[in-house]
Amino acid sequence: MTADWPWAELFEAEGIYLGTATAGVPPRATSEAMADILDRWRRGRISGPMFDQIVAESRERYARLVGVDPATVAISHQVSPLVALVAGSLPDGAEVVVADGDFTSVTFPFAVHEARGVRIRVAPLADLADHITGDTALVAVSAVQSADGAIADLEAIEAAATGQGADVMVDLTQSAGWLPIDASRFAYTVCGTYKWLLAPRGTAFLTVRPDRLDTLVPFQAGWYAGASPWESIYGLPLRLATDARRFDVSPAWFSWVGTRASLEFLDNVGRDELHRHAVALEAAFADAAGVPRRGQAIRSFATDPEVSEILAASDVTASVRAGKLRLSFHVNNTVAEALHVGELLRGRVRG
């Protein structure tokens, strides 16, 4: 029994799983919900409308997690199509400031608009705010960097962007679920759910600040973006939802079943408690490994050659990104696990 963190008892991952930055593992409730819906599908006991409430509840729980009104939340299947909505709505010749080395789902959708004059200016994450000027239309940045877990100074970025009349789009994929962020402050945020939100791959969220609802073009508009989806599946005229649902993409039904279950689980744990635990895990690991604490859930290290074998022998699952070992600490982990891995890697990791 993990008395210090009983939530870990609700997971069934084998060994020590430190791979959440790649893909989160589901709590038991999510696995059971997925098994149940697949069984109902097998027996022919599903219908399209039955998933609407599941999507609505997922939207509401996510809105609560990131501090926005559900009416400002849209759903999709992946992050990059949501970023593409923002990129496609920029005027010709717009300048976009991005962080050097950011995940390409944040940058590629803007880069493809070079032919119409959209310019991308790359700046170091640490002083990204200093590179925002009066020519900047948008700043696009991940709140937490995928490669090494570095946390963007969103306060400074927001202040600089506001001062220069620029919008900010923040990718919450590596932060929502462990790092409290008020998404209502930004023009746009995007989030893939299959990492820190512990959902099946195939669901994602977009938040749009109310003053940007009418400037973002719903390029992907389909039947599910309708004001009353089941009444607008055939024929014209265009009749989209008046709120952020106009940006919805028709849901991948079964993935939303798992998403709802995982968001309910995280909601029960609590946003502040998830953050406290992630930071405590990283601190325990850092102290045991003899490296500085960073206060971030993702850590990245150059390693000695034998590290991969050491981790494999102890049944530790991690990942490698940008040529370095990447460890991620989340709700499924315990302090005892973090200490154990830290002891294994003491003197063998740098960075």
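Tutor: A cavity is a set of points on a 1 Å grid over the protein atoms alone where a 1.4 Å probe fits but cannot get out; grid points are joined across faces, edges and corners, and the volume is the space filled by probe spheres set on them. This is a predicted model, in which local features need pLDDT of at least 70, side-chain atom pairs count only at pLDDT 80 or more, and totals for chains, interfaces and linings use all residues. Residues are numbered from 1 along each chain as its sequence is written, and side-chain values use heavy atoms, leaving out hydrogens and water.

Student: What is the volume of the largest cavity?

Tutor: The structure holds one cavity of 30 Å³ or more. The volume of the largest cavity is about 60 Å³.

Student: How do the residues lining the largest cavity divide into nonpolar, polar and charged?

Tutor: Lining residues have an atom within 4 Å of a point; among them are L65, W178, G177 and R271. Ala, Val, Leu, Ile, Met, Phe, Trp, Tyr, Cys and Pro count as nonpolar, Asp, Glu, Lys and Arg as charged, and the others, Gly among them, as polar. The lining divides into eight nonpolar, two polar and one charged.

Student: Is L263 buried or exposed?

Tutor: L263 has a relative accessible area of 3%. With a 1.4 Å probe and protein chains only, under 20% is buried, over 50% exposed, and in between partly exposed. Therefore L263 is buried.

Student: Which residues is L263 in contact with, leaving aside its neighbours within four places in sequence?

Tutor: Contact means heavy atoms within 4.5 Å. With those neighbours left aside, the contacts of L263 are S58, R61, Y62, L197 and F205.

Technical notes
On a 1 Å grid over the protein atoms alone, a cavity is a set of points where a 1.4 Å probe fits but cannot get out, and a pocket is an open set with protein on both sides within 12 Å along at least five of seven lines; lining residues have an atom within 4 Å of a point.
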